Amino acid sequence: MNAIEIIILNFEEIRRRSIKVWSGIPEDRLDWQPDNKAMTIKEMIRHVLDSEHYYHLALINKGSLPSYDSPFDNRLFSSVEVELAFAETYRNQFINTVRSFSQDDLSTVRIDRSDVGYVRTLGDMLMRIAYHESVHTGQLLDYLRIAGIERPKVWD
């Protein structure tokens with residue numbers, strides 16, 4: 001297995017566990033939030049899916065986008081399954097882009113996000129993208145604990 005294959009495996013494993021968490025949340029609790037300044041559960045799920053699309057475009061652009069028109073804007077969140085189905089095309093495009101990179105690209109391509117405080121190698125940026133989803137999955141597990149909702153077992 002080369003580095004690109006390992007990175008893709010990591011993205012797939014993170015998403016598998018995210019879906020386990022998201023799918024285990026009762027639909028009547030998707031609007032729950034720990035306080036009025038926090039994202040709701042469904043807002044966080046959408047944030048993860050939409051952010052991956054943004055990051056994909058930023059990878060192609062080799063940096064932050066001057067503007068971003070989200071395909072997720074103005075869409076009613078009806079269920080986790082509908083959100084995942086809508087995001088599937090974007091997810092596949094993202095994974096295919098990652099697959100197209102070479103081992104050398106991981107250390108030679110720079111992603112300029114100096115507008116938010118960093119310029120990193122492609123390899124570093126891919127790890128940041130994966131970490132972003134992982135953090136939010138952990139946050140949702142905490143949300144479920146606080147709300148008294150049974151937490152899906154992600155450590156299988």
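Is D156 buried or exposed? D156 is exposed, at a relative accessible area of 52%; here buried means under 20% relative accessible area, exposed over 50% and partly exposed in between, with a 1.4 Å probe and protein chains only. The model is a predicted one, so local features need pLDDT of at least 70 and side-chain atom pairs count only at pLDDT 80 or more, while totals for chains, interfaces and linings use all residues. Residues are numbered from 1 along each chain as its sequence is written, and side-chain values use heavy atoms, with hydrogens and water left out.

Side chains of opposite charge can pair when their charged atoms come close. Counted over the whole structure, there are 12 salt bridges, each being a side-chain nitrogen of Lys or Arg within 4 Å of a carboxyl oxygen of Asp or Glu. One of them joins D156 to R16, at 2.9 Å from N to O. R16 sits in helix α1 and D156 in the segment after α5, so this pair ties together parts that are 140 residues apart in sequence. Helices like these are DSSP runs (H or I, at least four residues), as strands are (E, at least two), and both are numbered from the N terminus. Salt bridges with shared partners link E13, R16, R17, K20 and D156 into one network.

E13 pairs with R16, where the closest N and O atoms are 2.6 Å apart. E13 and R16 are about one helical turn from each other because they are three residues apart in helix α1. E13 also pairs with R17, with 2.9 Å from N to O. R17 and E13 are four residues apart in α1, again about one turn of the helix.

The biggest contribution is that of α5, with four residues. By class, the lining has four nonpolar residues, four polar and one charged. For these classes, Ala, Val, Leu, Ile, Met, Phe, Trp, Tyr, Cys and Pro count as nonpolar, Asp, Glu, Lys and Arg as charged, and the others, Gly among them, as polar. The space in this pocket comes to about 180 Å³.

How are such spaces found? Rolling a probe the size of a water molecule over the atoms shows where empty space is left. On a 1 Å grid over the protein atoms alone, a cavity is a set of points where a 1.4 Å probe fits but cannot get out, whereas a pocket is an open set with protein on both sides within 12 Å along at least five of seven lines; lining residues have an atom within 4 Å of a point. Grid points are joined across faces, edges and corners, and the volume is the space filled by probe spheres set on the points.

There is one cavity of 30 Å³ or more, and the largest cavity holds about 40 Å³ of space. Its lining is made up of V48, S51, E52, Y55, I129, H132 and E133. At least two of the lining residues come from each of α2 (41-61) and α5, and α2 has the largest share, with four. Three of the lining residues are nonpolar, two polar and two charged.

Two further residues make side-chain contacts with the backbone. T108, in helix α4 (residues 103-108), is exposed, with a relative accessible area of 55%. The side chain of T108 reaches the backbone oxygen of D104 at 2.9 Å. Between the C-alpha atoms of T108 and W155 there are 35 Å, with 47 residues separating the two along the chain. S70 belongs to the loop between α2 and α3 (80-100) and is buried, at 11% relative accessibility. The side chain of S70 reaches the backbone nitrogen of F72, also at 2.9 Å.

Terms used:
A polar contact is a pair of N or O atoms within 3.5 Å; within protein, one must be able to donate a hydrogen and the other to accept it, and residues adjacent in sequence count only if both atoms are side-chain atoms.
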